[in-house]
Each structure stands twice: as structure tokens, then as C-alpha cells.
Amino acid sequence: MPDVEMKTEDAKQAAKKEDKEKPTPIIVTPVVEIKSNAVLIERAVSTLEPRFTLRVLRSLAALRKRLDNKVLRDAVSEIYPKDSSTKSTLLGWIPVASAEVSSMDIDASSVPASKLSSSDPVPEVEVYLRLLILHHLLTSQNNYTRAKELAQETISNIQRLNRRSMDPIAAKVWYAVERTYELSGELAEARPMFLAAQRTASLRHDDETQASLINRLLRSYIQYNLYDQADKLVSKTNFPASASNSQYARYHYYIGRIKAVKLDYTVAHTNLQQSIRRAPQPRVAPGFYQAVHKFFIVVELLMGDIPDRSLFRHPVLERSLEPYFNIVKTVRTGSLSQFQATLHKHAAAFETDRTYTLVARLRQNVIKTGIRRLSLSYARISLRDICVKLHLDSEEDAEYIVGKAIRDGVIEGRIVHDKGWMECGAQKSTYGPEVSEMFAKRIGYCLELHNESVKAMRYPMNAHRKELADAEDAREREKELVKEIAEGELDDDDGLGGGPGPEF
Amino acid sequence: MSTLLSRLHSDVTRTFSSSNLQKCGEHLSKAKLALIESDLIFPSVHKKVEELVAARDILEIGAFWSIRTKDVPSFDRYFSQLQTFYNDLSSVLPPSQREYPIRGLNLIRLLTQNRIADFHTTLESLPLPAEKLVTNPYIQHPVNLELWLMEGSYSKVWNAREEAPAEEYKFFVDSLMGTIRQIASCEEAAYHVLPLKDAATLLFFRTQSEVLNFAQERNWQIDIAAGQIVFPHKSEEDMEIPREKLIANDLVYARELEQIV
């Protein structure tokens, strides 16, 4: 809705271009797209409107897949004037494939002079092109070392220039840097660099970069199982509130994972839920969607809840969640032996998802569910029977386990030791302060949503002046009307024999 | 490697293997000084490998020595010093025989202090694939203990005290039983009356007087004549309505709605 409104005045051209591009996306060559993006970035810098840059970056994922050496080279040559030094540096980074060299030379000499101005575009465009080249280098394994050099040079460029209009692009560059180090298997070595950059970013109030870097660091810690450090980082930093949705989604996901390991399931659950809500559409980013759901399901189980059945029918999730579905089934039936078998069967899958230790913790939940089911269906059951039904090792164990379940509030009841049985109390009534608490939580959420969306609304610049003028007009008209009425009334009054007119 | 360090290293090893704890402690404090002087206590990768190994050896013996002298805070210190060797220098140094016993001891220490969250964080950060966790005897032991503690199979914990994979593990059993009794005192919630005799078995006490002491600590009522413990059971207390909270909530809603409409 606000998006439509803002395309009124100066953005009209861009909107038109987009409209033209949308219906026939196949015809637009990547070169043209890069060029139009460069124009958009220029406009973003000159009008101080980060919106245009963000629009450019939104197309990054799709554009990335269509890059090749020639495309990049053509784009660079066309954007920069002929004798620009930046151009030669950029071209130097693009790998040379022998077959294309000749054709490229012709392109470079013939095209550029035609329509471009003689000066270099803004540095943001250079960084954007560097970002594209970096992503392109990462597609082939042989170029990793070159990619790393490029990454380092780009980063030092960004930090030297220190331009706020560059922040959104810089945040994406950091992501590419992380990928570079991760693919070359040196993620741990990049950490000092990230930490230093994070400090700088927070000093410069560079929110985009800061958000991106915090996520980079969390990922790097979690990759190496350094949950303690990750937790400390979270508690010592403030995640910038203006960060983009996708950064928020990642951030919540990482916090969810950290808290799940630290047994703080409630916090983990809220964070994972937030992450799912903020995540891009399942079809756009299926990997992330699946990864978050895996942890979400395990945490939900650990909290003693059973996830929704419909979740496992979701087309994107169905296949990848199959092991988890089986686990949910065993937890639901409360059968220990089945649980162990399923855990064993899917061990490799859990291992790759890095949820194995979390799933293994579910064992006690299986027992709890079992006891709970028994306590619901029996008013009085002997410990011996509990032992048989839940496949426990001894009656003694059963007594302790039931005792613990009662203490933890899983079931209501008591043990009669002399007789060796468990008596189950009546179910707690479900109406109480908890209900109002739940309502308070939900209402709070709705109100916050409303307030957030009010804040998120955008209006075209200076449009209020026109409205003001309108308002002024309206007021004039009203005055006239009032006057007329007053006069009319006066007339009436006159007719009625005179008197003081009504005062306004 | 400096001659002083190598001499101290052999001193420490010798006195430790002959289990002369007092002498060993004296040598250890000298060795630690030497380590600090030669900058090995927080080492960097650039040190010679044999120096690092000697330093690690001394610290490992120190960790075991602390357990044998029943000094848990000292074990804590040694363990945190060893972390550098185990985590950051693992690519440089040959693996140590004592690494997993010490890591396992640290896990049990966390259990006895009831720091379950730390226990799991430490477990996650072990450089082992998940299936190895259950095959490595030193790690498996604390992992099983935690499992049993959490599900409430206390008798299994009690029985496992004899199956400790290393001598030092047994030191923790007593304090672990203390932890268990704290957790195991579900009695208050789960029973109305409990015969003294059975309470002793349930709480792993050997004599009745121990039970009586424990019961006094927790303010249980003891009916000596009937030979049983009575747990005062709170009757269903009246549901307190959190008035102030409700009023505060309602006021917030009113204000927010005012803003919307």
C-alpha cells in the first residue's frame, strides 16, 4: 500500500521501468539489469533515499545466478568511462577466459563512449560491482584465493570511504566475505576481522552493517559450537532495531539455537517463532525455512507441546521434516523403545542438522508424556503396571520417576507407598489467572503489530504541502459558506424583524 | 626446553605417580611459577611443541591432584587453563591421553553443582561427533548420569557410582548424592505419609539418624510413634486474583485503543 503511494513524483520513472521489466523478465539481459541498477544506486545516493539501493539489493539473489565473466565485463565497461582507473581495477578482478577475450575487447571499445558521462559513477556503484564479481568468483572453487583478496580489498575500501549511503551494500558485502572464508574453510580466522568491524560499525551507527556483522559472528560461533561466546555476544550487543527483516530472521534463529542449547526453551521458542514470521516466503528461501522449523519442532517437543500436524504436510517442509515427524509420533505415544529406535534410525539426519543432542534430550519428555497419559486414563494404578507399560527397568525407578513428575507439575496425584500405587488427582481447572495472562500476551502482540505498521507507513516527501494548501482552500470555502449562511440568516433575521447576527 | 622446567616436570610426574600428594602439591606450585615465567600458562602457537606438551602435562596432573585433594575450585582453575591447550592448540599438539577423563570430570562437576545449562553447553562444544558421545567411556558416564537425573531414575545413578571409568570420578559421587537428595525430595509433593524405613532407602541413607537429620533440615514433621514422616499438605489454596495486574493491563488496553480510534 505505501509502496504504491511513494511512487508518485520522482520515483515514477523507476516505477515505469520496473513495470516494463516485470512482464518480460527473460528479455532483460543481466547487463541491462546491472546498468539500470547502477542508475538506481546513483539516484539513491543523490536523493538520500536508501529505498532505491534496497530495491537493487533485493534482486541480488536472482541476478547472482545469471552472472558470467562476459556479463560482468560488459557491465563494467559500459558503466565506466573509457579511461577510468576504477574500471581497469575492476576488470582486473574478473577472471579471464581465453575464448572470450577477443569479443570483449571489441565490446569494450565500441560501446561505452556513446552515452555515458565522462566522470566515474559514485563509489557505491563500484562496491556494488565488486559485490557481484565476488559472488561470481565464489561459484568456482579455483577462484577462492582471488575472492579472498578481492574481499579484503573491498572491505578496506568501504571502511576508508565511510559513507552512510553505502551501508546497505556494505552489509551485503560482509555476507559475501563470510561466504568466501567459509568456502575456503577458514571461518574461524575471519572472526577477529568481524569483531573489529562490528565495533567500528556500532561507533558509526551503521545499523545495517552492524546487524549483518552480529549475525556473521553468531554464525561463526555456532559453527564451532562456541555457544558460551555466542551467548555473551548476544548479551553484550544491542541488535539495531532498524535492521532489515531478513537480518532479524537470522538473528532470532541464532538466538533460538543458543537458548535451546542452554535449556531456556521458552525464550528459544519465542525467538524461533519470530524467525519464522520474519523469514522470507517458504518458496523463496526453502533452506532457511526448513532449518528454522527443524529447531522449532524440537524445541516445541522439549517444552512438552506437540507441534501441529499440518506443519508436516507443508509442501516445502514435508520431505525434510520426515525424521522429525517420526520423532513426534513416538513422543506422542510415549513409547520409550520406539523413541530409541527412531532416534537410532535417523541419527545421521539429526547429526547433519545438528539437532542430535537436542533430540536425545527428548527421552525424559517421552516418559513424561507416558505418565501423563496413564494419569489421565487411570484413577489409581500400581507402580508395577506403570513399569510394564512404560518399559521401565524396575518398580523402584517407576516410583522415583512418578515422584519427579508430580514435583515438576506434570501430573496431579500422589504415591501411596505402602500399597505401591499411584493415585491420580482431579485435573486442575483450566480457568484462572493463566487465561488472562495468555490473553494479555495475544492482545499485546496485536497492539504492537498495529503500532509497528503505523510506524512503517511512508508518505511521499512534501506531499503534505499540497494537502495543506487543500486544507487552506477547504477552510476558505468553509468560511465563505459560513458567511453565506450568516448572510442568509441575516436575511431571514431581517425578514423576521432584525436582531444581532449569530457570532462565529 | 629449559632445564628447570624439564626437572620440575619430572618431579611432578614422579611424585604424582607415587601418589605422594603433599610433595606433588609443592612441586606443582613451583612448576606453575616456572610456567608463568616462561610464558607458557597462556601459550601461543609459536612455542615449541615439547614445551607445550610439558606444560599441558603439568596442568593435567594439577587437575587430577586437585580432585584427589578434594579441592574443586582448584580443579576449576586448572581446567580453564587447560582449555587453551585442548581447544586452540589442538591442531599443533599431539592428543593427550588425559584429555577426555578431565573433560568428563568437568562435566560431572557441573552436574554436582546442578548447573545443567552449562553442562549441555559444554557437551555441545566437545569436539566429538554425536555417536562418539555414547562410546567414549569418560564422556558416556556423565551423559548417562545426567539422563537418569533428569528422568528421575535415581537408583541407576546410585548403582552407577561403582562403575566410574576413572578413580577420580568417585570423588564426585558423594557430592552427587547430595544433589540427588535435593532433587529427590519430591516426597513433599508426592506423598502424604512415608514410613521412616522406606524414606531411608528412597533417599539412599544408611542409618535412621541420617534420615532424621535430613528431615529436620527440610522441616518435615516426624511421627516417631508411628515411625513415619508426615508431609503437611497444603489444601487447595484459594485462587488469588491478581487484581493490580489486571487493572494495569486494562488501563493499557484503554490507552492503546484510544490511540487507534
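**Notebook: a predicted model of chains A and B**

**Confidence**

I began with the confidence of chain A, which averages a pLDDT of 77, with 84% of the residues scoring at least 70. I note that this is a predicted model.

For chain B I recorded a mean pLDDT of 77, and 90% of its residues reach 70 or more. Where in chain B is confidence lowest, and where highest? I found the lowest value in helix H7 (residues 130–133) of chain B, at a mean of 68, and the highest in helix H14 (residues 243–260) of chain B, at 87.

**The interface of chain A and chain B**

I next turned to the contact between the chains, which takes 40 residues from chain A and 44 residues from chain B. The size of an interface is often given as the accessible area lost when the parts come together, and I looked up that value here. The area buried between chain A and chain B is about 3700 Å², and carbon and sulfur atoms give 59% of it.

How many salt bridges does the rule find across this interface? I noted two. In one of them, B:Lys156 pairs with A:Asp397, the closest N and O atoms being 3.7 Å apart. Six residue pairs in polar contact are also found across the interface, with both residues at pLDDT 80 or more.

I then asked which elements of chain A supply at least two residues each of the side that touches chain B. Among them I list helix H14 (227–236), helix H22 (363–377), helix H24 (395–407), strand E2 (413–416) and helix H25 (433–456). By class, I recorded 16 nonpolar, ten polar and 14 charged residues on this side of chain A.

**Strands of chain A**

I followed strand E2 of chain A further. E2(A) pairs with strand E3 (residues 421–424) of chain A in the antiparallel sense, over four bridges. Within this pairing, A:Ile415 stands opposite A:Met422 in E3(A). The hairpin of E2(A) and E3(A) has four residues between the strands, and in this hairpin I found A:Gly420 with a positive phi near 70°.

E3(A) also pairs with strand E1 (residues 380–382) of chain A, in the antiparallel sense and over three bridges. Here I noted A:Glu423 in E3(A) as the bridge partner of A:Arg380.

**Charged side chains**

Lastly I examined B:Asp57, which lies in helix H3 (residues 49–68) of chain B. Which residues does B:Asp57 contact, leaving aside its neighbours within four places in sequence? I found B:His9 and B:Arg98. B:Asp57 and B:Arg98 are 41 residues apart along the chain, and their C-alpha atoms are separated by 8.8 Å.

Technical notes
Residues numbered from 1 in each chain as written. Chains lettered and ligands numbered in written order. Heavy atoms only, no water. Contact = heavy atoms within 4.5 Å. Buried area = accessible area lost by both parts, 1.4 Å probe. Salt bridge = Lys/Arg side-chain N within 4 Å of Asp/Glu carboxyl O. Polar contact = N/O pair within 3.5 Å; in protein donor to acceptor, adjacent residues only side chain to side chain. Nonpolar A, V, L, I, M, F, W, Y, C, P; charged D, E, K, R; others polar. pLDDT = per-residue confidence, 0-100. Pairing = 2+ DSSP bridges.
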